[in-house]
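Could you walk me through this model in my viewer, one selection at a time? I would like to know what to pick next and what I will find there.

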Amino acid sequence: VRLAEGPGGRADPFAEPLYVALIDVIAERGYEATDVDSVARRAGLTRDEFDARFSGKEECVQKAFEAFIEDFLRHVQRAYDGKPGWPGALRAAAYAAADWMNDHPRTARFGGVGVLAARSEMIRVRREEVFQYCATLIDAGRAEAADPSAVPQAAPIMAIGAIAQILTQRMQKGEELETERMVPAMMYQAVRPYLGEEAARQELTMARPDRPGSSSGGSR
Amino acid sequence: MARLPQHLAKAPVGRERLSREELDRHQRRRIIEAATGVFAKRGYPPSTVDNIADAAKIAVGSFYVHFANKEDCLLAAYDLVVGEARERVAAATAAQSGWPRQALAALHELLVLIAAEPLQARLALVEIQTGGPVALARYGETLDLVIGSLAGGREVTDLDPPPPETQEAATANGLAWLLAQRILRGEAKDVSELFGQMAEVVLEPYLGGARARREIAAFEKDLVSA
């Protein structure tokens with residue numbers, strides 16, 4: 001399961017000072033009040049240096065968003081691939097996503113709600129595609145279901161959508177995300193349509209898997 | 001020239017005298033309807049008061065007679081759309097008895113409304129979430145109403161144990177997400193096709209799969225015969 005490659009992604013988005021500066025300024029002032037001069041200044045660059053890399057704020061936002069999607073999904077996919085079997089792989093991926101958001105709260109808010117204020121419809125579509133990708137990790141459970149055809153087609157989107165909505169609201173309100181605490185309830189909703197109530201209940205009390213090494217970029 | 005008595009004089013067509021209050025109310029409504037279209041088509045963030053004034057065919061100054069700013073207008077539009085939707089859903093559920101039938105009627109009416117009014121649906125499910133903290137709180141209040149209605153399923157469930165306490169929030173948020181996604185893709189007119197799947201997701205946690213499917217089949221049969 002892979003998300004299609006977006007334009008402009010970089011191997012390590014946290015190494016790009018303009019992306020980091022952009023996210024910091026948006027976190028402090030909001031999207032509308034963020035201007036190119038402030039971003040360049042925060043990154044320790046001149047306006048000309050900014051202009052040499054991006055046509056304007058929107059392009060910088062779009063490329064930063066793509067870069068962070070790539071980084072986020074690389075961590076999630078690595079966790080998913082590293083654990084054989086479903087729902088174990090899904091559980092590992094869910095904790096990897098939660099950890100990434102805990103480690104990079106500003107970046108998570110940028111990707112979760114900051115970009116919603118952008119004028120680009122493409123950003124919204126790409127944001128949806130990230131959740132759609134997560135839904136495909138959930139829907140891998142269809143192969144494990146006793147009767148795959150009996151699982152509603154909407155089940156994976158409903159499960160990921162519930163998390164997406166709750167996270168979006170917490171981000172907009174500036175509340176703590178508490179992503180790790182959300183994982184068992186998300187796993188219950190994700191597993192239930194495929195494996196039934198008993199298997200889903202076990203998710204509510206299951207200890208989290210050991211956490212691998214921290215993701216890249218420190219705490220932003 | 002002889003003049004007709006006052007009571008026989010022909011009133012100018014469409015020029016009945018409206019009170020200042022009625023004119024204001026009419027203009028406010030016209031602005032809200034225009035703004036709904038602007039927000040839904042352009043997206044809320046890039047929309048401007050100028051765009052709304054153009055669409056409503058009013059001067060920008062007239063906009064500010066009714067609204068403090070763009071956000072104020074968004075909230076008014078949201079309240080209008082949600083208020084009308086709630087009335088329609090309440091009317092649809094009033095004719096049903098028992099939580100499962102009421103939940104199905106509410107869901108069905110909601111999907112019919114979304115298909116019939118895609119711009120209003122986009123405003124209420126997508127654009128409102130980009131309108132800032134106050135707009136989001138308003139949206140959260142609507143979701144809380146849905147969560148409260150879903151909790152009625154706990155009174156009819158005979159499943160042991162009952163669903164976890166996060167069930168209603170998960171269902172309400174999941175439904176909202178799924179609908180928003182379809183609307184964003186420009187598929188609002190086709191959401192009625194989702195009824196069967198969504199109905200099962202709503203009922204199944206409380207009734208179990210077999211009973212949920214029986215309820216849905218009976219409801220759909222009644223719809224056809226109605």
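Start with the lining of the largest pocket in this predicted model: its residues divide into 27 nonpolar, five polar and four charged. To bring the pocket up, select B:Val89, B:Ala106, B:Leu110, B:Thr142 and B:Val146, which lie nearest its centre among 36 lining residues. The elements of chain B that each give two or more residues to this lining are helix H4 (70-94), helix H5 (99-116), helix H6 (118-125), helix H7 (133-150) and helix H8 (167-184). The space in the largest pocket comes to about 1100 Å³.

**Next stop: the enclosed spaces**

How many cavities of 30 Å³ or more does a search of the whole structure find? There are three. For the largest cavity, which holds about 580 Å³ of space, move over to chain A and select A:Phe72, A:Ala97, A:Met101, A:Phe131 and A:Cys134; of the 33 lining residues, these are the closest to its centre. H4, H5, H6, helix H7 (121-139), H8 and H9 of chain A each give two or more residues to the lining. H5(A) gives the most, with seven residues. Colour the lining by class and you will see 27 nonpolar, five polar and one charged residues.

The second largest cavity has a volume of about 160 Å³. Here your selection takes in both chains: A:Leu116, A:Arg127, A:Glu128, B:Gln129 and B:Leu184 are the closest to the centre, out of 14 lining residues. H7 and H8 of chain A and H8 of chain B each supply at least two residues of the lining, and H8(B) gives the most, with four. By class, this lining has six nonpolar, five polar and three charged residues.

**Now the chain contact**

Show both chains together and select the residues where they touch: 36 residues of chain B are in contact with 31 residues of chain A. The two chains bury about 2900 Å² between them, with 59% of it on carbon and sulfur atoms.

**A helix pair in chain A**

H4(A) passes H6(A) in a left-handed crossing. Which residues meet there? On H4(A), show A:Val61, A:Ala64, A:Phe65 and A:Phe68; on H6(A), their partners are A:Thr107, A:Phe110 and A:Gly111. The residues of this contact divide into five nonpolar, two polar and no charged.

**Last stop: the backbone**

Most residues other than glycine have a negative phi, and most peptide bonds are trans.

- Select A:Trp86 and A:Pro87: the peptide bond between them is cis, with omega near 20°. A:Pro87 lies in the loop between H4 and helix H5 (88-103) of chain A.
- Select B:Asp160 and B:Pro161, joined by a cis peptide bond with omega of about 0°. B:Pro161 is in the loop between H7 and H8 of chain B.
- Select A:Glu178, which has a positive phi of about 50° although it is not a glycine. A:Glu178 is in the loop between helix H8 (155-173) and helix H9 (179-195) of chain A.

Conventions: Residues are numbered from 1 along each chain as its sequence is written. Chains are lettered from A and ligands numbered from 1 in the order in which they are written. This is a predicted model: local features need pLDDT of at least 70, side-chain atom pairs count only at pLDDT 80 or more; totals for chains, interfaces and linings use all residues. Side-chain values use heavy atoms; hydrogens and water are left out. On a 1 Å grid over the protein atoms alone, a cavity is a set of points where a 1.4 Å probe fits but cannot get out, and a pocket is an open set with protein on both sides within 12 Å along at least five of seven lines; lining residues have an atom within 4 Å of a point. Grid points are joined across faces, edges and corners, and a volume is the space filled by probe spheres set on the points. Ala, Val, Leu, Ile, Met, Phe, Trp, Tyr, Cys and Pro count as nonpolar, Asp, Glu, Lys and Arg as charged, and the others, Gly among them, as polar. A crossing is left-handed if the near helix is turned anticlockwise from the far one by less than a right angle, and right-handed if clockwise. Contact means heavy atoms within 4.5 Å. Buried area is the accessible area (1.4 Å probe) that two parts lose on being put together, summed over both.
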